[in-house]
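Please read it alongside the sequence and the structure shown here.

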Amino acid sequence: MNGRVVNVGLCGFGVVGQGVVDHLERKREMLRDQLGVEVVVARVAVRNPSKSRDIAIDVARVTDDALSVAVDPELDIVCELMGGTDKAREVTLEALKAGKIVVTANKALLCDHGKELLAVAQEFGGHLLFEASVAGGIPVIKAIREGLVVNEFSSIRGILNGTCNYILTRMTNEGASYQDILVEAKELGYAEADESLDVDGIDAAHKAVVLAYLAYGKWVDFDAVRLQGIKEVRQEDIRYAKDNGYSVKLIAMVDREREGSALRVSVLPTLMPKETPLGSVDGVFNAVSIQGDVVGETVYIGPGAGRDATASAVISDVVDAVKLLILGGPEGRFPFLDPAPRNGKRIEVARADEIESRYYVRLVVRDQPGVMAEIASILASHSVSLASVNQKEVGEDAERVSLIITTHATTEAAVSEAVAELGELAAVEERPFLMPIGDAS
Ligand code: HSE
């Protein structure tokens, strides 16, 4: 630390990076009063220095060499806001090896390399802070690490992707298709540069892996996450939800029923009862519901994506980093604090197909005699019990009709096998669509 100045370097100056600079500047005095030091963005690495941006920055501070920012001895804190995992990993590793405190919003980086990065932070006396990586502006990482520290968790459920929630909400309210709304989500700065990360559920799965690590001390392999995005959600599904007291949400679930049972992580479009907190959170908002054994259920709701929400979370980490520097005194650093001290080594990860739920199945079938009997027989042969069957009356000439079935509780393995077999029937005209039905409690 240089006297009363803490120098921060930014690697990446896109939507979030510009938001961080903007708000650090606007709140300069307030932060100085609170912290007793001046927080200065001393260097910024950008991919294209000549590109014009909404937030101007002194050219003398700008470079296209992110690695030079990572190891700059004048910097105390490095914010990795580049996205991606290859260059971002290299930059983060170099900064940590140089003993910096690194702040990142990069959930993909954490999911793929979090274990390695935290080990390097510990080895070199640095820190890795990542509040902005999950649920945008909601301080959910702090909640799990600090506020809920005495709890053991039976489940965490969340709406963790603002873009998907924004798209599903507008599909519900306006009947629009997801492609049209996605264009707007991009313009609003919610969507990832590669939007498939959002709509295929990958971004939410990265975040679920980070939450699972925080809550259980276990890095779950991304491939072990049962994952489906929102691309196949149709207006028929949305209508069914509306007519039956549900809403369609992309729900991340991390749970372990009890000590000794396996840890399950999934991200799936889900019919959520409208009266539950997660069923009623709309737009770009995220929501996280956490069941702790001491506190019971706590629910966190707030903006999950976008420049200002994410900048708010990044700056909270920058402020924590400044406090760690202050606590470490003029010479040293505050010792590495393990973000997930729970030892998850002995926790098994459940096979995805063991997940048990009630299910919703949408089939597009030929409207002819015997079809329903065939479907019922296949479901019965997999011990899947029908709870309801819905078919809207169509005219005499209509050749196809949507058939919506809900089931009683069954394993995903049983319902998936049954649905795969249904998809083979000559009378079934499109790939069946399946989603779990969430509980009211
Ligand atoms: N694309 C992400 C979202 C941004 O929509 O939630 C925040 O991580």
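In this predicted model, the side chains of Arg 89 and Glu 116 meet in a salt bridge, with nitrogen and oxygen 2.8 Å apart. Because Arg 89 belongs to helix H4 (residues 86–97) and Glu 116 to helix H5 (residues 107–123), the pair ties together parts that are 27 residues apart in sequence. Across the whole structure, a search finds 27 salt bridges.

**Salt bridges**

- Both partners of the pair between H4 and H5 count as partly exposed, Arg 89 at 28% relative accessibility and Glu 116 at 30%.
- Arg 234 and Glu 430 also meet through their side chains in a salt bridge, at 3.1 Å from N to O; Arg 234 lies in the loop between strand E8 (226–227) and helix H11 (235–243), and Glu 430 in the loop between helix H14 (412–424) and strand E17 (433–437), so this pair ties together parts that are 196 residues apart in sequence.
- A network of salt bridges links Arg 234, Arg 366, Arg 400, Glu 429 and Glu 430.

**Ligand surroundings**

- The residues that surround the ligand include Lys 107, Asn 161, Thr 163, Glu 192, Asp 198 and Asp 203.
- A backbone N or O atom of Gly 162 lies 2.7 Å from a ligand oxygen, a polar backbone atom of Tyr 190 lies 2.7 Å from a ligand nitrogen, and a polar side-chain atom of Lys 207 lies 2.8 Å from a ligand oxygen.
- Taken alone, the ligand exposes 260 Å², of which the protein buries 95%.
- Helix H7 (162–174) and helix H10 (202–216) are the elements that give two or more residues to the shell around the ligand.

**Cysteines**

- The structure holds 0 disulfides; the sulfur of Cys 111 has its closest cysteine sulfur in Cys 164, 16 Å away, which is too far for a bond.
- Cys 111 is buried at a relative accessible area of 10%, and Cys 164 is buried at 0%.

**Surface patch**

- Val 149, Val 150 and Val 294 make a nonpolar surface patch of about 300 Å².
- Val 150 sits in the loop between helix H6 (140–147) and strand E7 (153–159) and counts as exposed at 61% relative accessibility.

Definitions and conventions. Residues numbered from 1 in each chain as written. Predicted model: local features only at pLDDT ≥ 70, side-chain atom pairs only at ≥ 80, totals over all residues. Heavy atoms only, no water. Patch = residues over 30% accessible without salt bridge, like charges linked within 9 Å, V, L, I, M, F, W, Y side chains within 5 Å. Areas by Shrake-Rupley, 256 points an atom, 1.4 Å probe, with all protein chains shown as cover. Salt bridge = Lys/Arg side-chain N within 4 Å of Asp/Glu carboxyl O. Helix = DSSP H or I, 4+ residues; strand = E, 2+ residues; numbered from the N terminus. Buried < 20%, exposed > 50% of the residue type's maximum accessible area, 1.4 Å probe, protein only. Disulfide = S-S within 2.5 Å. Near = heavy atom within 4 Å. Polar contact = N/O pair within 3.5 Å; in protein donor to acceptor, adjacent residues only side chain to side chain.
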